[in-house]
Amino acid sequence: MTPAARVQAAIEILDLVIAAARNNGAPADRIVSDWFKSRRFAGSGDRRAVRDLVFRAIRSCGEVPMTGRAAMLLLAQDDATLSGLFDGSRHAPEPIRPDEPAAERGIAPAWLVDALERSGIEGTEASALLDRAPLDIRVNTLRSGSAEVPPGGERTAAPNGWRYPHGTAIEATPAWTTGTIEVQDTGSQLACEAVAARAGESVIDLCAGGGGKTLALAAAMDGSGRLLATDTDRTRLSRLPPRAERAGAGMIETRLLDPNREAEQLSDWQGQADAVLVDAPCSGTGTWRRNPEARWRLTPAQLQRYVTVQARLLDVAAGLVRPGGRLVYVTCSLLDDEGATQAQAFLDRAGSGWTAEPPVLPAGRPRGPGLRLTPAHDGTDGFFIARFRLL
């Protein structure tokens with residue numbers, strides 16, 4: 001592909017990404033991959049170059065752009081070489097018209113920028129949300145003798161965390177093959193540290209998804225005790241058993257739940273758990289480094305639905321904790337509505353039987369009754385973490 005053809009390809013892919021963002025379609029990564037599957041003429045260099053253009057454009061646009069061309073014109077405003085490729089030649093984009101509008105530069109849609117500012121995320125804290133994320137791994141202590149940690153990494157704040165440059169082929173290493181390592185952001189690892197799970201305990205991961213945090217809890221428990229992973233998404237939960245086998249975490253149980261029937265279907269665990277982790281569904285504002293187009297998908301109504309679900313799950317989890325036990329609430333969001341405000345609302349509802357017990361972690365800063373990690377301050381994805389104890 002010529003450089004101009006790469007620009008035109010990026011424009012076509014961006015049109016698909018924009019449509020998907022407006023209609024809750026496929027993520028940008030999948031759209032890029034699918035686009036190239038039917039275009040075998042594109043080499044690996046073409047794929048890398050086009051992908052880079054696509055994600056540079058996504059990161060640059062605040063509001064959802066009208067078209068992929070408008071998004072690419074925004075990049076061209078600061079890049080004379082790029083603007084010169086709009087020459088109308090074969091497979092190239094049409095020349096730029098006088099006064100042709102470009103997309104609007106920004107961090108996110110205006111309503112979301114306002115919500116972040118109200119939550120203390122602005123300036124460098126906000127701009128860091130759109131940086132490229134590094135690749136973090138967790139050494140799996142259940143398999144840590146199986147292979148060496150891959151070279152080229154550096155330690156992170158998490159006890160078993162290592163960091164590698166973006167794009168490192170970590171899944172091609174012996175350590176990955178043997179289950180010695182798992183890909184997991186350092187912030188996510190620290191959220192698991194906040195649970196303080198120990199060998200022999202009874203622990204529930206209430207919103208386990210594909211099980212990344214469940215596997216970290218199993219390692220913290222040294223593979224001993226009861227660890228129940230639940231979720232309402234059958235597809236995501238089905239990924240956990242093979243991952244657990246690879247990781248040597250045979251003590252994990254899984255249970256598929258029906259939405260709004262969680263308490264009923266966990267009646268056998270009422271008041272029994274030493275710890276319950278609620279890694280609640282959320283807006284994902286702390287993960288924009290990995291999924292920058294996600295900020296185009298979120299609406300105020302969707303945010304309010306997340307807040308409602310989070311409150312309900314906290315109340316469900318509270319009923320599962322034994323006296324003296326702990327409840328850990330985590331969201332990968334930087335919005336107070338899903339973090340500090342949500343945690344304080346739980347304490348207000350729960351009454352004097354519960355107390356906040358902010359975890360002591362090697363990263364993060366106090367925010368309400370918990371801690372908040374941010375890309376700018378901590379070099380992790382954005383997280384809010386709160387821990388409560390039942391007296």
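The conversation below concerns a predicted model and selected residues, helices and cores within it.

Visitor: Which positions does UniProt give for the feature "binding site"?
Guide: The UniProt record, an unreviewed entry, places that feature at Asp231, Asp258 and Asp279.

Visitor: Where does Asp231 lie?
Guide: Asp231 is part of strand β6, which covers residues 226-231.

Visitor: Is Asp231 buried or exposed, and why?
Guide: Asp231 counts as buried because its relative accessibility is 9%, and the cut-off for buried is under 20%.

Visitor: What is Asp231 in contact with, leaving aside neighbours within four places in sequence?
Guide: With those neighbours set aside, the contacts of Asp231 are Leu206, Cys207, Ala208, Gly209, Leu237, Arg255, Leu256 and Leu257.

Visitor: Which backbone nitrogen lies 2.9 Å from a polar atom of the Asp231 side chain?
Guide: That backbone nitrogen belongs to Asp233.

Visitor: Turning to Asp279, which strand is it in?
Guide: Asp279 lies in strand β8, residues 273-279.

Visitor: Buried or exposed?
Guide: Asp279 is buried, as its relative accessible area is 18%.

Visitor: Which side chain does Asp279 join through a polar contact?
Guide: The side chain of Lys213 is joined to that of Asp279 by a polar contact of 3.0 Å. Beyond four places in sequence, Asp279 is in contact with Cys207, Lys213 and Val330.

Visitor: Changing topic, how many residues has the largest nonpolar core?
Guide: The largest nonpolar core has 35 residues, and Leu217, Leu227, Ile252 and Ile385 have the most contacts inside it. Elements that each supply at least two residues of this core include strands β6 and β8, helices α10 (212-220) and α12 (240-247), and strand β13 (383-390).

Visitor: Which element gives the most to this core?
Guide: Helix α9 gives the most, with five residues.

Visitor: And what does Leu227 touch?
Guide: Not counting residues up to four places away in sequence, Leu227 touches Val203, Thr214, Leu217, Ala218, Met221, Met251, Ile252 and Glu253.

Visitor: How many residues are in the second, separate core?
Guide: The second core has 34 residues, among them Ala10, Ile13, Ala57 and Ile58.

Visitor: On to α3: which of its residues are buried?
Guide: The buried residues of α3 are Asp46, Val50, Leu53, Val54, Phe55, Ala57, Ile58, Arg59 and Ser60.

Visitor: What do they pack against?
Guide: The buried residues of α3 pack against α1 (3-23), α2 (28-37), α4 (68-76), α5 (80-83) and α14 (294-297).

Visitor: What span should α3 have, and why?
Guide: Helix α3 has 17 residues, so at 1.5 Å a residue it should span 24 Å; its end C-alpha atoms are 24 Å apart, which agrees.

Visitor: What about Ser60, what is it in contact with?
Guide: Ser60 belongs to helix α3, residues 44-60, and is buried, with a relative accessible area of 15%. Leaving aside neighbours within four places in sequence, Ser60 is in contact with Leu74, Leu75, Glu104, Arg105, Gly106 and Arg295.

Visitor: Last one, where does Asp131 lie?
Guide: Asp131 is in the loop between α7 (124-127) and β1 (135-139). Asp131 is partly exposed, with a relative accessible area of 42%.

Visitor: Which residues is Asp131 in contact with?
Guide: With neighbours within four places in sequence left aside, Asp131 is in contact with Arg59 and Arg289. Asp131 and Arg59 are 72 residues apart in sequence, and their C-alpha atoms are 8.3 Å apart in space.

Key
Residues are numbered from 1 along each chain as its sequence is written. This is a predicted model: local features need pLDDT of at least 70, side-chain atom pairs count only at pLDDT 80 or more; totals for chains, interfaces and linings use all residues. Side-chain values use heavy atoms; hydrogens and water are left out. UniProt positions are given in the numbering used here, feature names are shortened, and annotations may be inferred rather than shown by experiment. Helices (H or I, at least four residues) and strands (E, at least two) are DSSP runs, numbered from the N terminus. Buried means under 20% relative accessible area, exposed over 50%, partly exposed in between (1.4 Å probe, protein chains only). Contact means heavy atoms within 4.5 Å. A polar contact is a pair of N or O atoms within 3.5 Å; within protein, one must be able to donate a hydrogen and the other to accept it, and residues adjacent in sequence count only if both atoms are side-chain atoms. A nonpolar core is a set of buried Ala, Val, Leu, Ile, Met, Phe, Trp, Tyr and Cys residues joined through side-chain atoms within 4.5 Å. The expected span of a helix is 1.5 Å times one less than its number of residues.
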